[in-house]
Amino acid sequence: MSGAFRYSILEKIQYLNSLKPLFLDTETTGLHARAEVVEICILDFHGNVVLNTLVKPRLSIPSDVVALHGISNDMVSASPPWLTVWQEVKKILENRAVGIYNAEFDLKMMQQSHALSGMPWQAPSAQFFCIMRLISDFFGWMIWLKLEEACHKLGVEVRNFHRAYADTLAARDVFLRLVELASTNR
């Protein structure tokens, strides 16, 4: 990795940290093209819950996915639908930096939830960044680690993965550990 690229990654991490970002994670009905959000969590920079809610999907949650994250169709049956939750999410994210572990996936799931609800996707005016990519760039790795693997490698406490709150908190802690490492590598 060239010195200039390494320096730019360190600068980017410090810059993102200076924005005091929010952190976001979703749980979904699967990985397929009709998968949708069933849970979303947003934490502030200090780890306080800004939003943590279940979401009623339009289609049922497959049993193999329930086995993974533990969110059942009964649990979401009285929850608000995506478009109701989105109105609050959009207001929270407006003009903010937002850290997401594997941002491409969560953003795709939010877009799909919009499409399945019959609404075109309009991303909020937020600055989304991918914590998974930052880690790979920081260490010069050609691989992307799962969140649990990143926690182990960076010495971050491992939690109950595959629930939005726990994953959001873990992603935040991984980002803050990366900020610490970037500060000592200047």
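**Entry 1: cysteines.** Before starting I noted the cut-off I need: a residue counts as buried when its relative accessible area is under 20%. I also reminded myself that this is a predicted model.

I wanted disulfides first. A disulfide is a covalent bond between the sulfur atoms of two cysteines. For my count, the two sulfur atoms had to be within 2.5 Å. I counted zero disulfides. Cys41 is in none, and the nearest cysteine sulfur, in Cys151, is 15 Å away. How accessible is Cys41, buried or exposed? I found it buried, because its relative accessible area is 0%.

Next I looked at Cys130. Its sulfur lies 14 Å from the closest cysteine sulfur, which belongs to Cys151, so the two are too far apart for a bond. Cys130 has a relative accessible area of 12%, so I wrote it down as buried.

**Entry 2: the sheet.** In what order do the strands of the open sheet run? I read S3-S2-S1-S4-S5, five strands with mixed pairing. Strand S3 (49-54) and strand S5 (127-130) are at the edges; each has a single partner strand, so one side of each has no neighbour in the sheet. Neighbouring strands are turned by 25 degrees against each other on average, direction ignored.

S1 (residues 22-28) and S4 (residues 97-100) run parallel and are joined by three bridges. Phe23 has Gly99 in S4 as its bridge partner.

**Entry 3: helices on the sheet.** Helix H5 (residues 103-116) lies across S1, S2 (37-43), S4 and S5, and runs at about 60 degrees to S1. Helix H8 (residues 164-184) also packs on the sheet, where it touches S1, S2, S3 and S5. The direction of H8 makes about 140 degrees with that of S1.

**Entry 4: helix H7.** Which residues of H7 (residues 147-154) are buried? I listed Leu147, Ala150, Cys151 and Leu154.

The buried residues of H7 pack against helix H6 (131-139) and H8. On the face turned away from the buried side I found the exposed residues His152 and Lys153. Last, I noted that Gly155 follows H7 and has a positive phi, near 70 degrees.

Technical notes:
Residues are numbered from 1 along each chain as its sequence is written. This is a predicted model: local features need pLDDT of at least 70, side-chain atom pairs count only at pLDDT 80 or more; totals for chains, interfaces and linings use all residues. Side-chain values use heavy atoms; hydrogens and water are left out. Buried means under 20% relative accessible area, exposed over 50%, partly exposed in between (1.4 Å probe, protein chains only). Two strands pair if DSSP finds at least two bridges between them. Helices (H or I, at least four residues) and strands (E, at least two) are DSSP runs, numbered from the N terminus. Axes are lines fitted to C-alpha atoms, for helices over the stretch in contact, and angles run from 0 to 180 degrees between N-to-C directions. Contact means heavy atoms within 4.5 Å.
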